[in-house]
Amino acid sequence: MSINDINNAAAAMNQLKARYEGFLDDADAQIANRRASYDELASDLVEIVKDRMRVTIYFDPNAEAADLSNGGVFRTWQEFLSFINPLPSLAYVKVIMQPGQLVVDQNYYSHIYGSINLEFRANVNQPAGQRPSLFFVLYDKVNFNQWRRIETGELGSFYGHHIDFYFDENINEAVNPSSNNILFGAKGRGGQVELVSCMVKGPTGTHLMTCSTGDVSSLSLNSVLLDGITFGLQRSGDRGVALLTCDVVTVANGAEIYDSAAFTVGQNLLTSVVTV
């Protein structure tokens, strides 16, 4: 091999080395860019999940317009359902209630729309009768008296703080209450309801919550007044088991905390009942 051949080979090697090093530099740059894009995408996904899985909305019946977004405002139950129905299952929805009455004129079914964890609380704590409230409408007074309700099953929950609950008492005296004469039901794996500093008021034959056949239901009452309703906790069917925790529950006008004829403490009911 001549000196010229050696020089040409060395030049070719140097060119190959430069191309290889350039390739490595380009690959490193592409990897860095893609990694940054992935990091940005992951951050976006985290924010999207946070924005969709934990939301806050305000109830204000006097608002000029609805804003059905995280941090927005709604005026009616229909607007509220439009806001929560597209949310992912097990999302946590915090509702801050301004003074006024929210009329529940359509049922909410967690086993149809997806399980949601709902928190309703007053913007300012007030005594019973002056708090923001949910009013559950009668929708069949021909065959029986039946009220709109919220189904909290499929691992969903409802938490109420310093708000009141009213059954529509404009009943048809000629017909009986239906079997769904409750505010909160639980279908499929039960549900959880917790009320703190609330009042529940309704006519005889109505109940706050039911424990359905084969379900495990949980009801927690803390500084709650049950006024006029038949039971705070009713049992529908058999083979259902309930957890009932109470701390200072006041009953008035014939109300009882739970159906003692249908529940047997230690068998299908675990409870710590304290009444005044």
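Strands here are DSSP runs of E of at least two residues, numbered from the N terminus. The model is predicted.

Figure 1. Asp227 belongs to strand β16, which covers residues 216-227. This residue is buried yet has no salt bridge. The side chain of Asp227 instead has a polar contact of 2.5 Å with the side chain of Asn253. Beyond its neighbours within four places in sequence, Asp227 is in contact with Val200, Lys201, Gly202, Ala252, Asn253 and Ala255.

**Figure 2. The salt bridge between Glu169 and Lys201.** The side chains of Glu169 and Lys201 meet with an N to O distance of 3.3 Å. Glu169 lies in the loop between β12 and β13 (182-185) and Lys201 in strand β14 (residues 192-201), so the bridge links distant parts of the chain, 32 residues apart. Glu169 is partly exposed, at 41% relative accessibility. Lys201 is also partly exposed, with a relative accessible area of 28%.

**Figure 3. The salt bridge between Asp164 and Arg131.** The closest N and O atoms of Asp164 and Arg131 are 2.8 Å apart. Asp164 sits in strand β12 (residues 164-167), while Arg131 is in the loop between β6 (116-122) and β7 (133-136), so the pair ties together parts that are 33 residues apart in sequence. Asp164 counts as buried, at 0% relative accessibility. Arg131 counts as buried as well, at 14%.

**Figure 4. The salt bridge between Glu119 and Arg121.** An N to O distance of 2.6 Å separates the side chains of Glu119 and Arg121 in this salt bridge. Glu119 has 7% relative accessibility and counts as buried. The protein has five salt bridges in total.

**Figure 5. Phe120 in the largest nonpolar core.** This core has 54 residues, and those with the most contacts inside it are Phe120, Phe165 and Leu208. Leaving aside neighbours within four places in sequence, Phe120 is in contact with residues including Trp77, Phe80, Val95, Met97, Leu102 and Leu134. Further contacts of Phe120 include Phe158, Tyr159, Gly160, His161 and Ile163.

**Figure 6. Helix α2 and its buried residues.** The buried residues are Trp77, Glu79, Phe80, Leu81, Phe83 and Ile84. Trp77 and Phe80 are both in contact with Phe120.

Note on methods: Residues numbered from 1 in each chain as written. Predicted model: local features only at pLDDT ≥ 70, side-chain atom pairs only at ≥ 80, totals over all residues. Heavy atoms only, no water. Core = buried A, V, L, I, M, F, W, Y, C linked by side-chain atoms within 4.5 Å. Buried < 20%, exposed > 50% of the residue type's maximum accessible area, 1.4 Å probe, protein only. Contact = heavy atoms within 4.5 Å. Helix = DSSP H or I, 4+ residues; strand = E, 2+ residues; numbered from the N terminus. Lys, Arg positive; Asp, Glu negative; His and termini not counted. Salt bridge = Lys/Arg side-chain N within 4 Å of Asp/Glu carboxyl O. Polar contact = N/O pair within 3.5 Å; in protein donor to acceptor, adjacent residues only side chain to side chain.
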